[in-house]
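Visitor: I have just opened this entry, and I would like to learn how to read it step by step. Could you guide me through it?

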2 protein chains.
Amino acid sequence: MKAERGILIVLSGPSGAGKSTVIAGLMRLRQDVRFSVSATTREPRPGEEEGKDYYFLTRQAFLRLVENNALLEHAEYVGNFYGTPAEPVERDLAAGYNVLLDIETQGAVQVMERRPDAVSVFLCPPSLAELERRLRGRGTDAEEKIRGRLETARRELARVKEYTYTVVNDDADIAAWELDAIITAERCRSERRMEFTEKGDLIL
Amino acid sequence: MKAERGILIVLSGPSGAGKSTVIAGLMRLRQDVRFSVSATTREPRPGEEEGKDYYFLTRQAFLRLVENNALLEHAEYVGNFYGTPAEPVERDLAAGYNVLLDIETQGAVQVMERRPDAVSVFLCPPSLAELERRLRGRGTDAEEKIRGRLETARRELARVKEYTYTVVNDDADIAAWELDAIITAERCRSERRMEFTEKGDLIL
């Protein structure tokens with residue numbers, strides 16, 4: 001039996017929403033999720049592996065991908081380019097994996113426009129007060145940095161409506177379980193089952 | 001905190017798809033699901049309870065509900081009327097319960113038109129051959145009745161595309177778990193969370 005095509009999931013959420021904890025919880029709940037690896041023109045940091053942490057590209061190679069329309073989204077930050085190569089994502093989806101893109105709101109909107117089949121999820125903190133508490137609780141960031149993050153969070157939270165789903169991370173286990181349910185439910189959407197059906201694998 | 005509004009779920013599926021087993025499995029998985037009770041003009045059968053199995057109405061009382069637009073759907077079968085009263089459904093939804101309507105395709109389409117917020121799920125057998133095997137396996141029905149059921153099933157299966165979700169009942173536990181995931185995921189849809197948000201319960 002041919003593998004049923006996977007789901008492309010775009011996950012965004014402000015710093016302090018708890019994305020990495022929720023993602024780790026999701027990976028414990030299901031084995032069919034893969035992360036997308038981003039391409040970047042920045043220098044590798046010690047310990048970072050090519051093809052695992054990032055695809056490290058020259059500026060020229062990166063711009064060739066942009067020209068060839070080979071990135072699902074891309075953006076520039078402090079002088080470096082970052083983007084999501086389409087081809088590895090497509091390969092994993094075709095093999096039946098659900099592919100998770102962990103990207104900020106601007107990149108997410110680019111992916112949604114290009115891939116209307118993508119499922120978008122916004123991970124929210126339960127409140128701005130709680131977000132502030134979490135950011136301060138880390139005890140590592142300067143006041144100015146915390147204020148900047150809260151400002152960015154406010155701006156990102158205003159875009160929740162552009163995402164299909166909103167998961168509130170009050171309890172990380174519950175949030176992971178909701179994300180898991182979203183993937184399961186999306187795989188049951190009739191238009192996806194129909195795709196499957198027309199291949200003759202399911203029914204008729 | 002005010003209860004988050006529940007989800008209205010329309011479930012259809014041909015005889016032999018295993019609806020009652022899957023529904024029983026769903027009820028074990030979550031306590032926040034309630035069944036809608038239908039109204040009918042047919043006579044109560046021994047053991048049937050008013051308000052539990054059906055609301056038993058006179059023809060006149062039923063037609064008054066139709067006139068008052070107080071039914072989510074209705075239809076006539078072999079001389080009797082059947083329908084879903086809107087008011088008890090609305091009351092349970094407002095209290096936070098997810099309300100399950102177990103109805104055939106024509107009634108389901110009426111509900112979807114009237115309530116675009118309803119979530120529609122079609123329960124499929126894994127194949128027509130398996131459906132036939134199950135119907136014959138009961139050992140209770142005459143050949144003619146089985147043929148009639150298969151014909152109806154073929155006609156209903158052609159309408160799968162009108163449903164948002166398709167759950168294939170190969171294994172009843174997995175089907176119940178998928179139905180559970182659909183409810184969880186639908187409760188995470190941003191437009192529902194926003195409804196919640198604007199009441200001020202969640203964030204901002």
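Visitor: How are helix 7 of chain A and helix 7 of chain B oriented to each other, roughly parallel or roughly perpendicular?

Guide: Two packed helices are described by the angle between their axes and the distance between the axes. Here helix 7 of chain A, residues 172-187, packs on helix 7 of chain B at an angle of about 115°, with the axes 8 Å apart, and the two are therefore roughly perpendicular. Axes are lines fitted to C-alpha atoms, for helices over the stretch in contact, and angles run from 0 to 180 degrees between N-to-C directions; 65 to 115 counts as roughly perpendicular, under 35 as roughly parallel, over 145 as roughly antiparallel and the rest as oblique. Helices (H or I, at least four residues) and strands (E, at least two) are DSSP runs numbered from the N terminus.

Before we go on, note that this is a predicted model, in which local features need pLDDT of at least 70 and side-chain atom pairs count only at pLDDT 80 or more, while totals for chains, interfaces and linings use all residues. Residues are numbered from 1 along each chain as its sequence is written, and chains are lettered from A and ligands numbered from 1 in the order in which they are written.

Visitor: Which residues in helix 7 of chain B meet helix 7 of chain A?

Guide: B:Glu178, B:Ala181, B:Ile182, B:Thr184 and B:Ala185 meet A:Glu178, A:Ala181, A:Ile182, A:Thr184 and A:Ala185, where contact means that C-beta atoms, placed from the backbone, lie within 7 Å.

Visitor: How many residues of chain B are in contact with chain A?

Guide: There are 25 residues of chain B in contact with 25 residues of chain A. On the chain B side, helix 7 gives the largest share, 5 residues.

Visitor: Why do the copies meet through the same surface?

Guide: They do so because 96% of the interface residues of chain B are also interface residues in chain A. A rotation of 180° with 0.0 Å of shift along its axis superposes chain B on chain A, with an RMSD of 0.0 Å, by least squares on the C-alpha atoms of residues with pLDDT of at least 70 in both. The two copies are thus related as by a two-fold rotation axis, and in chain B the C-alpha nearest that axis, 2.2 Å from it, belongs to B:Ala181.

Visitor: How many bridges join strand 5 of chain B to strand 6 of chain B?

Guide: Strands pair if DSSP finds at least two bridges between them; here 6 bridges join these antiparallel strands, and B:Ala75 has B:Tyr82 as its bridge partner.

Technical notes: Contact = placed C-beta atoms within 7 Å.
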